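Subject: Structure for your files, with notes

Hello,

Here is the structure I said I would pass on. My notes on what turned up in it follow below.

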Amino acid sequence: MRISDQMRGKVASRASKRCEYCQHPQSISTSRFQVDHIKPRAANGPTELSNLALACSHCNLHKATREKGIDPLTGRSVGLFNPRIEEWRTHFLLNRENGEIEGQTPIGRATVIALQMNAEQPIQARRNLIRFGVL
């Protein structure tokens with residue numbers, strides 16, 4: 001099912017026009033953010049507001065159809081972060097000294113790894129956003 005412009009607008013507004021996974025602001029991105037199905041369509045996830053999240057292209061590309069990841073601390077499979085039912089600050093911490101996003105819980109750690117949130121390019125972008133007071 002195609003996501004209407006109206007639904008896309010509601011998702012973006014609800015997310016304060018930031019990636020709901022890494023918190024990158026859409027306003028300074030060079031590409032249009034995507035609407036992610038939290039529970040992927042491939043797993044029969046519905047196209048409704050309760051299952052949609054705004055995602056930067058990096059997070060959306062790496063999330064793909066994943067619903068679970070491995071917590072590197074315990075080695076256990078856990079669900080990835082769900083911005084509709086979980087609070088970002090509970091699971092993640094932005095390290096302002098190095099630009100990394102640190103997972104604070106099994107869900108956070110697994111999501112950081114699965115979405116490659118601390119790859120070189122996202123870290124450099126976050127360092128610049130921190131330096132310019134955007135994050």
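Leaving aside its neighbours within four places in sequence, Tyr 21 is in contact with Asp 36, Ile 38, Ala 53, Leu 54, Ala 55, Cys 59, Lys 63, Phe 81, Pro 83, Trp 88, Leu 115 and Met 117. Please keep in mind that this is a predicted model.

Aromatic rings

One of the contacts of Tyr 21 is Phe 81, and both residues are buried. The whole structure holds three aromatic pairs. Tyr 21 and Phe 81 make an edge-to-face pair, with 6.4 Å from centre to centre and 80° between the planes. Tyr 21 sits in the loop between α1 (5–14) and β1 (34–37), and Phe 81 in the loop between β4 and α3, so the pair ties together parts that lie 60 residues apart in sequence. Trp 88 and Phe 92 belong to the picture too: ring pairs join them with Tyr 21 and Phe 81 into a cluster.

Nonpolar side chains tend to be buried together in soluble globular proteins. Here the largest nonpolar core has 29 residues, and the members that touch the most others are Cys 19, Tyr 21, Ile 101 and Met 117. At least two residues of this core come from each of α1, β2 (52–55), β5, α4 and α5. The element that gives the most is β2, with four residues.

Cysteines

How many disulfides does a search of the whole structure find? The count is zero. A disulfide is a covalent bond between the sulfur atoms of two cysteines. For a pair to be counted, the two sulfurs must lie within 2.5 Å. The cysteine sulfur nearest to that of Cys 19 belongs to Cys 22 and is 3.8 Å away, and Cys 19 is in no disulfide. For Cys 59, the closest cysteine sulfur is in Cys 56, at 3.7 Å, which is too far for a bond. Cys 19 counts as buried because its relative accessibility is 0%. Cys 59, at 1%, counts as buried as well.

Helix α4

Helix α4 covers residues 106–114, and its buried residues are Gly 108, Arg 109, Ala 110, Thr 111, Val 112 and Ala 114. Just after α4 comes Gln 116, with a positive phi of about 50°.

Helix α5

Is the length of α5 what its residue count would lead one to expect, or is it out of line? The helix has 12 residues (120–131), which at 1.5 Å a residue should span 16 Å; the C-alpha atoms at its ends are 17 Å apart, so the two values agree. Buried in α5 are Pro 122, Ile 123, Ala 125, Arg 126, Leu 129 and Ile 130. Viewed down the helix axis, these buried residues fall within an arc of 160°, so they line one face of α5. An α-helix has 3.6 residues a turn, so residues three or four places apart point the same way. On the other side of α5, the exposed residues are Glu 120, Gln 121 and Arg 131. The cover over the buried residues of α5 includes α2, β5 and β6.

Gln 124 is also in helix α5. With a relative accessible area of 35%, Gln 124 is partly exposed. Arg 96 is 28 residues from Gln 124 in sequence, and their C-alpha atoms are 12 Å apart in space. After α5 comes Gly 133, which has a positive phi near 75°.

Most residues other than glycine have a negative phi. Ser 16 has a positive one, near 55°. Ser 16 is in the loop between α1 and β1, and counts as exposed because its relative accessibility is 55%. Ala 64 likewise has a positive phi, near 50°. This residue is in the loop between α2 and β3, where Ala 64 is partly exposed at a relative accessible area of 44%.

Regards

Technical notes
Residues numbered from 1 in each chain as written. Predicted model: local features only at pLDDT ≥ 70, side-chain atom pairs only at ≥ 80, totals over all residues. Heavy atoms only, no water. Buried < 20%, exposed > 50% of the residue type's maximum accessible area, 1.4 Å probe, protein only. Expected span 1.5 Å × (residues − 1). Arc of directions from axis to C-beta. Contact = heavy atoms within 4.5 Å. Phe/Tyr/Trp six-rings, centres within 6.5 Å; stacked < 30°, edge-to-face > 60°. Core = buried A, V, L, I, M, F, W, Y, C linked by side-chain atoms within 4.5 Å.
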